Structures are given as structure tokens and as C-alpha cells.
Amino acid sequence: KTNPDDPNDHHNGWVFANKTSGKVLKNTAGFGGPFPASYPQNDEDPIYNAKSVREVYEKVNDKDGKYTVPILFDKKSQTIVSNESSEIIQMLNSQFDEYATSPDIDLEPEDLRDAMQSVDSWIYPNLNNGVYRCGFAKTQEAYNAAIDELTAAFDRVEHILSKQRFIAGDQFTLSDIRLFATLLRFDEVYVVYFKTNTRSVANSPVLLNYCRSIYQMPGVADTVDMHQIKEHYFCSHPDLNKFSIVPRGPDFEGMLKERHNRDGLGLGIKRLKSSVSDEEKEKSSLTSECEDSVSSVEK
């Protein structure tokens with residue numbers, strides 16, 4: 001409970017790590033676990049020392065909507081800038097260059113924006129959100145419609161990626177980030193928990209190698225914690241999983257560590273932002289070509 005002092009407040013939601021409490025937790029129905037109050041890699045709230053995400057919202061007088069994550073928080077103005085992931089990744093791509101370690105990399109290049117908008121327009125409702133439509137369907141009719149659309153979208157993604165390296169073309173973009181986040185969880189969580197078992201990433205050489213290529217990009221694997229991903233999903237909804245049993249799964253992350261075969265489907269050049277000079281763009285392009293040539297030789 002996010003407000004345990006009020007017996008009439010039944011809201012349950014995200015809580016921050018508490019490294020000193022020593023408590024063990026169960027799910028909201030009182031079953032499952034015991035779950036630790038903190039994982040070693042999790043930190044407490046550094047701003048308000050809040051115990052729950054709800055508390056962060058209430059600290060900035062946002063009490064009207066759902067208390068959801070992710071949150072992009074402005075410490076200077078003490079406000080939540082956005083809680084919509086698609087908006088946040090766009091902001092991180094373009095509005096924080098002065099703080100970025102690679103400010104010239106553009107994951108939303110102007111010449112691919114139409115293609116990105118096109119794929120996003122059907123991947124989001126049918127795949128990103130489609131898994132939830134399957135999992136939380138209240139009738140067989142609703143589930144049947146959702147799973148049909150999800151299956152068609154999965155096959156369409158597979159077909160596109162059999163012909164080009166990334167979902168919007170020859171470059172890794174924000175659209176790939178959105179797609180990867182769903183495919184990463186697909187076999188370990190959604191196939192079991194949300195009944196999306198008409199398809200499997202592990203059974204698709206195209207999509208498995210696509211996921212491998214992204215997972216093996218510098219820094220990406222560090223953002224993946226399959227243990228916490230699974231504990232969150234399987235332990236958050238007692239109406240779907242009363243005793244919070246976490247299936248062992250196929251070790252999908254282990255599969256992602258194996259060599260991929262995507263190099264032959266395009267260079268995947270990191271396109272630079274328009275503020276960079278033509279000379280620098282040419283230099284970056286040549287560097288990327290050389291790196292891919294070396295990769296091909298090593299293979």
C-alpha cells in the first residue's frame with residue numbers, strides 16, 4: 001500500500017528501494033515472496049526520500065492522474081516533466097546534448113522520421129500495447145481480437161527485419177528502442193503471463209538475431225535486469241497470479257549473448273545531428289564503414 005496509515009486508502013503501487021528497513025514483502029494479496037525491500041542495484045529516492053512513486057507525484061501536487069513510471073523529473077523546478085516513455089526518449093535524444101557523452105548521435109534523423117512514424121503507428125497499438133490488450137482482456141472476444149492483431153504485427157515486423165537491419169531503415173533509431181523493449185520481455189513474460197503464445201522471439205531467427213544485435217550494443221546489456229523484470233510482472237497482479245510464482249523461463253537473456261548475424265543487412269551508420277559539419281559526418285561514416293569491415297573479417 002502506498003498510504004498504509006489510511007485504512008480507507010486501498011491504492012497499491014510502485015515503491016522505492018529501502019536499504020535499511022530489513023523488511024520482506026509479499027504481494028498485495030498477502031501471498032508470494034518473500035521479496036526483499038531492496039535489490040543491491042536499486043537506489044532510494046535521492047530527491048524527496050519518497051517511499052513510493054505516488055509520494056513523488058503528491059510532492060509536486062499532481063494528484064489527479066495515475067501514478068505511473070517512467071518519470072522525467074526536473075530537480076530545478078521541482079516538477080514532473082513527463083511520464084510518457086515515447087516523449088521521454090525523444091527529449092533524451094534532442095534536449096540534453098550538453099550533458100551527453102555522445103551528443104552528436106541522432107536517433108531520430110530527419111530523413112527517417114516518416115518511416116519511424118509509419119512503423120510506430122501500427123507497432124504501438126498492436127505489439128507494444130497489444131501484449132497488454134491480450135493480458136488484460138476481460139472477454140474471449142476481446143482476447144481473440146487482440147491476439148490476432150498482435151500475431152499479424154509480429155509477422156509484419158519479422159518480414160521487414162528480414163530485409164533490412166533496423167525497423168525504420170539502415171540506422172538504429174528510437175523506433176528500435178521501442179520495439180526492443182517489448183521483444184526483450186516477450187518470451188520470458190508475455191508468452192506466459194499475457195497469453196501471447198502464438199509467436200516466440202526465440203523461434204524466429206530474424207527477431208532473435210535482431211535482439212542480439214541491439215543487446216550487444218555498448219551499454220545496452222547494463223540496462224537489462226531480467227530477474228527484476230520478471231519479478232515485477234509476475235508479482236504485481238494477484239488477480240492474474242495469486243501466489244506470485246515466477247516461471248523459470250528459457251534464459252532468453254543468455255540467448256542474447258550469442259553472436260548475431262545482422263551485419264550483412266546494412267551498415268547501421270550512426271547519423272550525426274544536423275549541427276555537425278559535413279566533414280565530421282563524412283569522417284563518422286568512414287569510421288563506421290571501417291568498423292563494419294573489421295567485424296565482417298572477424299566473422
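Predicted model: local features only at pLDDT ≥ 70, side-chain atom pairs only at ≥ 80, totals over all residues.
Arg-199 counts as partly exposed, at 28% relative accessibility. Zoom in on the two side chains and you will find them meeting in a salt bridge, 2.8 Å from N to O. Next, colour the elements around them. Asp-155 belongs to helix α5 (residues 140-161), while Arg-199 sits in the loop between α6 (174-193) and α7 (205-215), so the pair ties together parts that are 44 residues apart in sequence.

**Next stop: Glu-258 and Arg-212**

Select Glu-258 and look for its partner. Which residue forms a salt bridge with Glu-258? The partner is Arg-212, and the closest N and O atoms are 2.9 Å apart. Here, too, distant parts of the chain are linked: Glu-258 is in the loop between α9 (252-256) and α10 (278-298), Arg-212 is in helix α7, and 46 residues separate them. Is Arg-212 buried or exposed? Arg-212 counts as buried because its relative accessibility is 9%, and buried means under 20%. Glu-258, on the other hand, is partly exposed, with a relative accessible area of 44%.

Select Asp-9, Arg-54 and Glu-58 together. Salt bridges that share partners join these three residues into one network. Focus on Asp-9 and Arg-54, whose side chains meet in a salt bridge at 2.7 Å, N to O. This pair also links distant parts of the chain, 45 residues apart: you will find Asp-9 in the segment before β1 (24-25) and Arg-54 in helix α1 (residues 53-59).

Now zoom out to the whole structure. How many salt bridges does a search of it find? The count is eight, and the pairs you have visited, Asp-155 with Arg-199, Glu-258 with Arg-212 and Asp-9 with Arg-54, are among them.

**Last stop: two cysteines**

Finish by selecting Cys-211 and Cys-235. Cys-211 counts as buried, at 0% relative accessibility. Cys-235 is buried too, with a relative accessible area of 12%. A disulfide is a covalent bond between the sulfur atoms of two cysteines. How many disulfides does a search of the whole structure find? The search finds zero.

How values were computed
Residues numbered from 1 in each chain as written. Heavy atoms only, no water. Salt bridge = Lys/Arg side-chain N within 4 Å of Asp/Glu carboxyl O. Helix = DSSP H or I, 4+ residues; strand = E, 2+ residues; numbered from the N terminus. Buried < 20%, exposed > 50% of the residue type's maximum accessible area, 1.4 Å probe, protein only. Disulfide = S-S within 2.5 Å.
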